[in-house]
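Hello,

Here is the model I promised to pass on to you. Please open it alongside this email, and my notes follow below.

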Amino acid sequence: MSEPSFDGNEAAYLKECLDSGYVSSVGAFVDRFEREFAAWVGSPYAVACASGTAALHVALRVAGAGVGRLVAVSDFTFIASANAVSYTGATVLLVDSEPRTWNMDTELLRDHVIRQAARGARIPDLVEVVHVLGHPADIEPLLELRNRFGIRIVEDAAEALGATWYRGMPAGKSAGTVGDLGCYSFNGNKIITTGAGGMITTGDPDLAARARHLTTQAKVPASSYVHDEVGYNYRLSNLSAGLGVAQLEQLDERIRLKRAIARRYAEQLGELPLRLPPHCEWADPTYWLYSVLLDAEAPDTVVARLASVDVEARTVWRPIHRQPPYAYTPRLRGSVADSLHQRGLSLPSSVQLTPEQQRRVSTELASALADNG
Ligand SMILES: Cc1ncc(COP(=O)(O)O)c(C=O)c1O
């Protein structure tokens, strides 16, 4: 679906780490990866973490999530987005998707908050908005909530590194750099990988310092084993950061390749009984996983049919409210997330996918759908 590729300086930088003896969470590559990543996304500060989930956990904590707090989270996402909130002890409020982007229906949340505030009822303390599958969410209603009610924004940009907005307040910005903090994942299936890894970005030096502090066991600098709060062993290793620096050098080219794959799929699948992925005129998505909505509710059958001819495809997530740990979680209702799950299908999207392989995927999908319908 989205295979890693190591075509650049990965081996050379790993060897440099081994030769230097700096293989753990301190080393030149960690600093360099943070610096170069921050510059690439256009954020003043970046803090490398052991995973995207760790990045979310720490970002949420420094943004104020904790026991007694309410955090609004996208319902249609990978479970890590919600789990990171639960780790802090905060209560999750799930928000349905909107059909234009498949992301959080930020207008639904805005209207809810305004109504709640008007009658003196509880409003979320924070919002964690996820930019799923490489398309940025409509973030402006959240910026309005931040201005009016002080609701802080954590962006889960794990799947949307390099996606941008064209219009409005976030125009020209990169996903993950508009809210108070942004989080990214470098898991093996992401557009760049460090094996396992993540990053927090922020424009606020105090939030960056506190995030760094929490990722390093909250050890007071220059002290001998004084830890002033409960922290975590969440730093990225120098080895992983070496991979990250090499991968970052290839990021522009990978985004170009993902967009070229999307253009070809759009040409090849346009006549089939399905809807192509979201592409709002105000956004420049990266198509991390190219995903379509079938007209018929039968993605499982299509996945099995494609597997029988050696084409890997996948259904999209079951919404968080359908996961056992979140079965009784409060949510702003709607049926969009459920309908995405019932009809969504992700197609092979690796940057190594050749035009010939992609043509075969499209042909096999066409015959699977013909059999189905
Ligand atoms: C939307 C989203 N959030 C969070 C994560 C968690 O990242 P990681 O696997 O690096 O912990 C992932 C992916 O794995 C993801 O897709």
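In which hand, left-handed or right-handed, does H2 pass H8? The crossing of H2 past H8 is left-handed, where left-handed means that the near helix is turned anticlockwise from the far one by less than a right angle, and right-handed that it is turned clockwise.

Before the rest, two notes on the model. It is a predicted model, in which local features need pLDDT of at least 70 and side-chain atom pairs count only at pLDDT 80 or more, while totals for chains, interfaces and linings use all residues. Residues are numbered from 1 along each chain as its sequence is written. Helices (H or I, at least four residues) and strands (E, at least two) are DSSP runs, numbered from the N terminus.

Helix pairs

Two packed helices are described by the angle between their axes and the distance between the axes. The axes here are lines fitted to C-alpha atoms, for helices over the stretch in contact, with angles running from 0 to 180 degrees between N-to-C directions.

For H2 (residues 28-41) and H8 (residues 238-248), the axes come within 8 Å and cross at roughly 35 degrees. H2 brings Phe29, Val30, Arg32, Phe33, Glu36, Phe37 and Trp40 to the contact, and H8 brings Asn238, Ala241, Gly242, Gly244, Val245 and Leu248; two residues are in contact if their C-beta atoms, placed from the backbone, lie within 7 Å. By class, this contact of H2 with H8 has 8 nonpolar, 3 polar and 2 charged residues. In this scheme Ala, Val, Leu, Ile, Met, Phe, Trp, Tyr, Cys and Pro count as nonpolar, Asp, Glu, Lys and Arg as charged, and the others, Gly among them, as polar.

H5 (106-118) and H6 (residues 140-149) have axes that come within 8 Å and cross at roughly 25 degrees. That angle makes H5 roughly parallel to H6 (under 35 degrees counts as roughly parallel, over 145 as roughly antiparallel, 65 to 115 as roughly perpendicular and the rest as oblique). The crossing of H5 and H6 is left-handed. On the H5 side, Thr106, Glu107, Leu109, Arg110, Val113 and Ala117 meet Pro141, Leu142, Glu144, Leu145 and Phe149 of H6. These residues of the H5 and H6 contact divide into 7 nonpolar, 1 polar and 3 charged.

The axes of H3 (residues 52-63) and H7 (residues 205-215) come within 9 Å and cross at roughly 130 degrees, which means that H3 is oblique to H7. H3 passes H7 in a right-handed crossing. Val58, Ala59, Arg61 and Val62 of H3 meet Leu207, Arg210, Ala211, Leu214 and Thr215 of H7, and the residues of this contact divide into 6 nonpolar, 1 polar and 2 charged.

H7 also has a buried set: Leu207, Ala208, Ala211, Arg212, His213, Leu214 and Thr215. A residue is buried if 20 or more other C-beta atoms lie within 10 Å of its own, exposed if 12 or fewer, and partly exposed in between, with C-beta atoms placed from the backbone. The buried residues of H7 pack against S1 (45-49), H3, S7 and S8. H7 is followed by Gln217, whose phi is positive, near 60 degrees.

The ligand

Of the 14 residues around the ligand, Ser51, Gly52, Thr53, Ala158 and Ser185 come nearest (a residue is near if its C-beta atom, placed from the backbone, lies within 6 Å). H3 and H4 (79-87) are the elements that give two or more residues to this shell. The shell divides into 4 nonpolar, 8 polar and 2 charged residues.

Gly197 is found in the loop between S7 (181-185) and S8 (198-202). Gly197 is buried, with 27 other C-beta atoms within 10 Å. Beyond four places away in sequence, Gly197 touches Ala48, Cys49, Ala50, Ser51, Phe186, Leu236, Ser240 and Gly244. One of these, Leu236, is 39 residues from Gly197 in sequence and 6.3 Å from it in space, C-alpha to C-alpha.

Most residues other than glycine have a negative phi. Trp102, in the loop between S3 (91-95) and H5, has a positive phi of about 70 degrees, and Trp102 is buried, with 25 other C-beta atoms within 10 Å. Ala222, in the loop between H7 and H8, has a positive phi of about 60 degrees; Ala222 is exposed, with 6 other C-beta atoms within 10 Å.

Best wishes
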